[in-house]
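Please look at the model below before reading the notes. The briefing then goes through it topic by topic.

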Amino acid sequence: MRAVITIALLVLSNVFMTLAWYGHLQWKESSWLKHAGIWAIILFSWGLAFFEYVMQVPANRIGFKENGGPFSFFELKTIQEAISLIVFTLFLIFVVKSEKLAWNHFLGFGLILLAVYVIFKKW
């Protein structure tokens, strides 16, 4: 159950991270963001990033082996990076819509999945 909670919190965390880091680039046409200066955008992004951390920190604490969870440091980081790429790709497909996935993206994601396998494999 700790693994499921950890992964769910990491997914939610990455949604907020993606919105904080890249959302303002997509929403530049919205009424208030269009006229906002860089400091307003930074504060807006920090506000979103707060919720990223509200979920990221508990996810790592719940999922970490030494706290009773199933994952090592390496495994937690690997899960986070894989989720980050999945969330980012879905953001590009469903929100940005101007970027197209190409063969090299699929190859790169495949190599990342291979890295996940290698890190989780008990040698």
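The notes below cover the overall layout, the annotated spans, the packing of helices and the salt bridges.

This is a predicted model. The protein chain has five helices and zero strands. Its C-alpha atoms fill a box of roughly 55 × 35 × 20 Å, taken along the principal axes.

**Overall layout**

- Along the sequence, the protein chain reads α-α-α-α-α.
- Helix α1 covers residues 2-26 and helix α3 covers residues 38-63.
- Helix α4 takes in residues 73-96, and α5 is the stretch 103-120.

**Transmembrane regions in the record**

- An unreviewed UniProt entry lists residues 36-55, 76-96 and 102-120 under "transmembrane region".
- In the model, residues 76-96 are 100% helix and 0% strand.
- Residues 102-120 are 95% helix and 0% strand. Here the end C-alpha atoms lie 27 Å apart.

**Helix α4 and its end**

- Helix α4 has 24 residues. From its first C-alpha to its last it reaches 32 Å, which is close to the 34 Å expected at 1.5 Å a residue.
- The residue that follows α4 is K97, and its phi is positive, near 65°.

**How the helices pack**

- Two packed helices are described by the angle between their axes and the distance between the axes.
- Helices α1 and α3 pack at an angle of about 165°, and their axes are 8 Å apart. Angles over 145 degrees count as roughly antiparallel, so α1 is roughly antiparallel to α3.
- The crossing of α1 past α3 is left-handed. Sorted by class, the contact of α1 with α3 has 17 nonpolar, seven polar and three charged residues.
- Helix α1 also packs with α4, at an angle of about 45° and with the axes 8 Å apart. Because of this angle, α1 is oblique to α4.
- The crossing of α1 past α4 is right-handed.
- How are α4 and α5 arranged relative to each other? They pack at an angle of about 160°, with their axes 10 Å apart, and are therefore roughly antiparallel to each other.
- Helix α4 passes α5 in a left-handed crossing.

**Salt bridges**

- Side chains of opposite charge can pair when their charged atoms come close.
- How many salt bridges does the count come to? The count comes to two salt bridges, taking a side-chain nitrogen of Lys or Arg within 4 Å of a carboxyl oxygen of Asp or Glu.
- One of them joins the side chains of K122 and E75, at 3.0 Å from N to O.
- K122 lies in the segment after α5 and E75 lies in helix α4, so the pair ties together parts that are 47 residues apart in sequence.

Methods:
Residues are numbered from 1 along each chain as its sequence is written. This is a predicted model: local features need pLDDT of at least 70, side-chain atom pairs count only at pLDDT 80 or more; totals for chains, interfaces and linings use all residues. Side-chain values use heavy atoms; hydrogens and water are left out. UniProt positions are given in the numbering used here, feature names are shortened, and annotations may be inferred rather than shown by experiment. Helices (H or I, at least four residues) and strands (E, at least two) are DSSP runs, numbered from the N terminus. The expected span of a helix is 1.5 Å times one less than its number of residues. Axes are lines fitted to C-alpha atoms, for helices over the stretch in contact, and angles run from 0 to 180 degrees between N-to-C directions. Angles under 35 degrees count as roughly parallel, over 145 as roughly antiparallel, 65 to 115 as roughly perpendicular and the rest as oblique. A crossing is left-handed if the near helix is turned anticlockwise from the far one by less than a right angle, and right-handed if clockwise. Ala, Val, Leu, Ile, Met, Phe, Trp, Tyr, Cys and Pro count as nonpolar, Asp, Glu, Lys and Arg as charged, and the others, Gly among them, as polar.
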